[in-house]
Amino acid sequence: MIRQGHLGRTEAIIVAVAATAGKIFLSQPAVAAQHTATAAPLMVLVNGLLSMGLGWMLFSSLDPEREEGMVAQFERLAGPAGTLIGAVIAAYFFGIVALHTRQMGGAIITGILPNTPITVVEGATVLVFSYAAVLGLEAIARSAMVLLLPIVTVVFILLLLTLPRMDFTRFFPPLGFGWQSTLYWSAFSGWYREAWVVAVLFPYLRRRAEVVKIGVRAIAWSALVLTIVTSALLALFGYPTLTHFPAPAAEGSRAVYLGPFISNLESVFVFLFTTALFLTLSVMFWASCLLVADLLKLDEYRPLVPLLAVGAWLFGYLPGSLMETVHWVDEEVKQLTSFVLYPGIGLLWFLALRRRKKERRHAC
């Protein structure tokens, strides 16, 4: 249960899955197919397994005996290197919010509200996740508890309804462009990095010793959902058709036919699309604000919300076009941060392991 600013295991997992799984409504399945062709589901699965290992190392670096947040723990553990790692994670979360806001606005204008100015759509999006951040973790967690299960359930119902149109021979050849491309993008695609929000939730967990279990399970559930959805979309459209859709899940909803009275379920998809992405952006923006406040040693993050919200909106327009925005999300941001985060996580884990050995030695 969510009580007095603390989360139980189930609630924390749902918040992390909400932060991760919303990307299935954007272009990620199409980008996965673009880079690895018919190996897209394999890439998504392998990246999930890698992320579970990295997440285990990251979460196990936190000391359950301390109530400090992620940034303070990393700084205590690794000094300036810990500050750098916390700053890169904060920058990654912030960049994902900004670029996904731009993507969401473009997808809504293209498929839902073609005559609405994009500034109106994106402005409303910024207001929604800013308001959620001001309300705080408890409001976001309760919204995730109410909304995530129906969203995932309806997504799987839509997949079942499109099953007659799926062709599973489209999974061949299983390695797509080859094993080198599959392994490279499995390592650097970063599909589940948003689940690291569990480390941000650490001081709010009722049982902090469960942080590793919560984080790994959240990544596992996210990997299950994203792998199934990516596999279904590949079977439905095939390569290279899948790569041409800015929002493949929306196109998949048009493939549902339930008789002469319901020719498609696009209206259901609109609800899923907006609700899931608002939820995802709210979780990630709240985490970004909290991390920035921790890095600046501020006691309260809420004064930062207006400034960071405007900054996210403006940062999303640094790419010259919507397609370039997709390119930034799925290549530049994730690959560049990997060069700091991968060795950084290894360093934190090694230092935490050494700390525990010292504590056991002193205890004896």
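Is E138 buried, exposed or partly exposed? E138 has a relative accessible area of 36%, so this residue counts as partly exposed. Please keep in mind that the model you are looking at is predicted. Here is a friendly tour of its nonpolar core, its salt bridges and its aromatic rings.

**Nonpolar core**
- The largest nonpolar core takes in 120 residues, and F25 and W286 have the most contacts inside it.
- Leaving aside residues up to four places away in sequence, F25 touches I151, V155, A247, A249, F269, L272, F273, A276 and L277.
- As background, nonpolar side chains in soluble globular proteins tend to be buried together.

- Searching the whole structure gives 8 salt bridges.
- One of them joins the side chains of K23 and E194, with an N to O distance of 2.9 Å.
- K23 lies in the loop between α1 (9-21) and α2 (28-36), while E194 lies in the loop between α8 (179-188) and α9 (197-201); the two are 171 residues apart, and the pair links distant parts of the chain.
- Both partners, K23 and E194, are buried.
- E75 and K297 form another salt bridge, in which the closest N and O atoms are 2.4 Å apart.
- This pair also links distant parts of the chain: E75 belongs to helix α4 (residues 70-78), K297 sits in the loop between α12 (266-295) and α13 (305-315), and 222 residues separate them.
- K297 counts as exposed because its relative accessibility is 53%, and the cut-off for exposed is over 50%.

**A salt bridge within a helix, and a network**
- The side chains of E138 and R142 meet in a salt bridge at 3.2 Å, N to O.
- Both residues are in helix α7 (residues 137-161), and they are 4 residues apart, so about one helical turn separates them.
- Like E138, R142 is partly exposed, with a relative accessible area of 40%.
- Elsewhere, salt bridges link R9, R207 and E210 into a network.

**Aromatic rings**
- The whole structure holds 13 aromatic pairs.
- Among them are F168 and F171, whose ring centres are 5.7 Å apart; their planes meet at 75 degrees, so the pair is edge-to-face.
- F168 is partly exposed at 44% relative accessible area, and F171 is partly exposed too, at 23% relative accessibility.
- Y184, W185, F188, F339 and Y342 are joined into a cluster by ring pairs.
- A charge meets a ring as well: the charged end of R193 sits over the ring of Y92, 5.4 Å from the ring's centre.

Technical notes. Residues are numbered from 1 along each chain as its sequence is written. This is a predicted model: local features need pLDDT of at least 70, side-chain atom pairs count only at pLDDT 80 or more; totals for chains, interfaces and linings use all residues. Side-chain values use heavy atoms; hydrogens and water are left out. A nonpolar core is a set of buried Ala, Val, Leu, Ile, Met, Phe, Trp, Tyr and Cys residues joined through side-chain atoms within 4.5 Å. Buried means under 20% relative accessible area, exposed over 50%, partly exposed in between (1.4 Å probe, protein chains only). Contact means heavy atoms within 4.5 Å. A salt bridge is a side-chain nitrogen of Lys or Arg within 4 Å of a carboxyl oxygen of Asp or Glu. Rings of Phe, Tyr and Trp (its six-membered ring) pair if their centres lie within 6.5 Å; planes under 30 degrees apart count as stacked, over 60 as edge-to-face and the rest as tilted. A charge sits over a ring if NZ of Lys or CZ of Arg is within 6 Å of the ring centre and within 35 degrees of the ring normal.
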